[in-house]
Amino acid sequence: MTDPDRRAVVTGMGAVCATGHDVPAFLAALRDGAVGIAPIDTIPTEKLSVPIAAAIRGLDIGQHIPDRRQRVLDRAAQLALIAGVQAMAQSGLEAPQLTDGAVILAATSGQETLDAAYAQLHAGGRVHPLTVPRVMANAPASTLSQEFGLRGPCFAVASACASASHAIGLAAQMIRAGMVEVAVTGGADASVTVGFLKGWEGLRVLSADACRPFSHNRSGLVIGEGAGILVLESAGHARRRGATVIAEIAGFGMTADAGDLTAPSAEGAGRAMAAALADAGCAPAEIGYVNAHGTGTWLNDRTEVEALRQVFGAHLDRLPVSSTKSMIGHCMTAGGALELIATVMALRDGVLPPTMGFAEPDPDCAIDCVPNAARTADVAAAMSNAFAFGGLNAVLVARRWEG
Amino acid sequence: MDAHATGPGGVPADAAGRTAVILDIVAKETGVDRALLQPEARIEALEIPSLDMVQAIFELETRFDIQLPVIAEHGAAEFETVSDLVQHVLRTIERTAPGAA
């Protein structure tokens, strides 16, 4: 890139997930290795074979969103709004600066609304008339556009568990290209519902006890819920208004496996990582931390490590790679956003989030996964991976902001 | 008849009582001041968001155990005035509610 003012920088972050209802709480929980996975007590569990999740508990939505606003929003859009308000407050952006701003979020269907609609229908009741606006996949994006008066490009990106990373990458590219100065991006997902969990049970990849990425005794993934929203803007825009820059989104790579619909591909994942490094103009050895996709399934973790080895070679022996899904679960379409915020913590605060639950080394996952305790480190550049069903890979590279 | 006399399901037995319930529901669901819901008041002028009106109709249907037929020929402005809405609900109750007076 030739014009440093067109770099895409982060100036605001908001988060709500199982381990924290705002960014400071979320990051403190990452530093503490707090695990948000627990027996489900937010929905009826009698129909579930795997009754654990990383659900958000103790969040009083009514404290954040008035009743009449709540009722048109599925829980996913409600979470997006809560995290969006946090991110916007941190950015310090005000209405006139937002008029042409973009909103690019992960697409997510309103699972709670769908579940309720089907339950009502099969019980002989009536389907709620706001079902359609609640379930539409762009609802979280539209909600933030309405809330902040963002009238530029607004859409949702559908790539399953890579959606938020794809959305953030696109937002960054649009800023770098000069299409927009400000973009609100990330994702929200509220999939801890009976219907959705039953669907996942059928895939036989859910753990019944814990999420232990890279550990030889790992037993699968755990579904989480949450929202991560970031305010991105051009470096020039941020500088002119005197904003505090948190980090730079320096590179974005995306590939497709064009292979198995659900089984991961080291080749596809590796090409996405290499593309993100090239886009950032970053040598592999400059990366000081990787926030892995790290689902905790047998296949994902060994495939991801194989891809990391292809890309980083011997540098992988000195490269910390952790999975925050061990704490916040797999937040589906929102995962990439929350995980980028965890990655930013490594850059800005010099703290590597741990992989919790690590018990037994796996020869096929021979990496430093920052086992069981956070660690300090000086990290100038970091990578965040997201790989989705459908063979879709999205990788972000972020840099510490040096001005 | 006593305005508070009720028929089956707690539905007031007379038009005035039913109208009061209708206006209460519309005011609650749309957030519009009850005093502004005069018969000739135009729905458009009250600036009621479309989904608030959808929610209000849903609550009216639930409260009176009716299904309000869509008046498709009116297009987007199904009800021009508050009175249009009230009369539509009252007619539907008369037609469908069991034991209606």
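This is a predicted model: local features need pLDDT of at least 70, side-chain atom pairs count only at pLDDT 80 or more; totals for chains, interfaces and linings use all residues.
Local features need pLDDT of at least 70 and side-chain atom pairs count only at pLDDT 80 or more, while totals for chains, interfaces and linings use all residues. Residues are numbered from 1 along each chain as its sequence is written, chains are lettered from A in the order in which they are written, and side-chain values use heavy atoms, with hydrogens and water left out.

**View 1. The interface of chain B and chain A.** Let's start where the chains meet: 11 residues from chain B and nine residues from chain A take part in the contact (heavy atoms within 4.5 Å). Together the two chains bury about 890 Å², with 51% of it on carbon and sulfur atoms; buried area is the accessible area (1.4 Å probe) that two parts lose on being put together, summed over both. On the chain B side, B:L51, B:Q55 and B:F58 supply 57% of the area buried against chain A, more than any other three residues.

View 2. Four salt bridges are counted between chain B and chain A (a side-chain nitrogen of Lys or Arg within 4 Å of a carboxyl oxygen of Asp or Glu). One of them joins B:D52 to A:R71, whose closest N and O atoms are 3.1 Å apart. Helices α1 (15–30) and α2 (50–64) of chain B each supply at least two residues of the side that touches chain A; helices here are DSSP runs (H or I, at least four residues), and strands are E runs of at least two, numbered from the N terminus. Of the elements on this side of chain B, α2(B) gives the most, with seven residues.

**View 3. The largest nonpolar core.** This core has 76 residues, and A:M13, A:F26 and A:L230 are among those with the most contacts inside it. A nonpolar core is a set of buried Ala, Val, Leu, Ile, Met, Phe, Trp, Tyr and Cys residues joined through side-chain atoms within 4.5 Å. Helix α15 (residues 335–349) of chain A gives the most to the core, with nine residues.

**View 4. A:H315 in its loop.** Look for A:H315 between α13 (298–312) and β10 (321–322) of chain A. A:H315 is buried, with a relative accessible area of 11% (buried means under 20%, exposed over 50%, partly exposed in between; 1.4 Å probe, protein chains only). A polar atom of its side chain lies 2.8 Å from the backbone oxygen of A:I287.

Terms used: A polar contact is a pair of N or O atoms within 3.5 Å; within protein, one must be able to donate a hydrogen and the other to accept it, and residues adjacent in sequence count only if both atoms are side-chain atoms.
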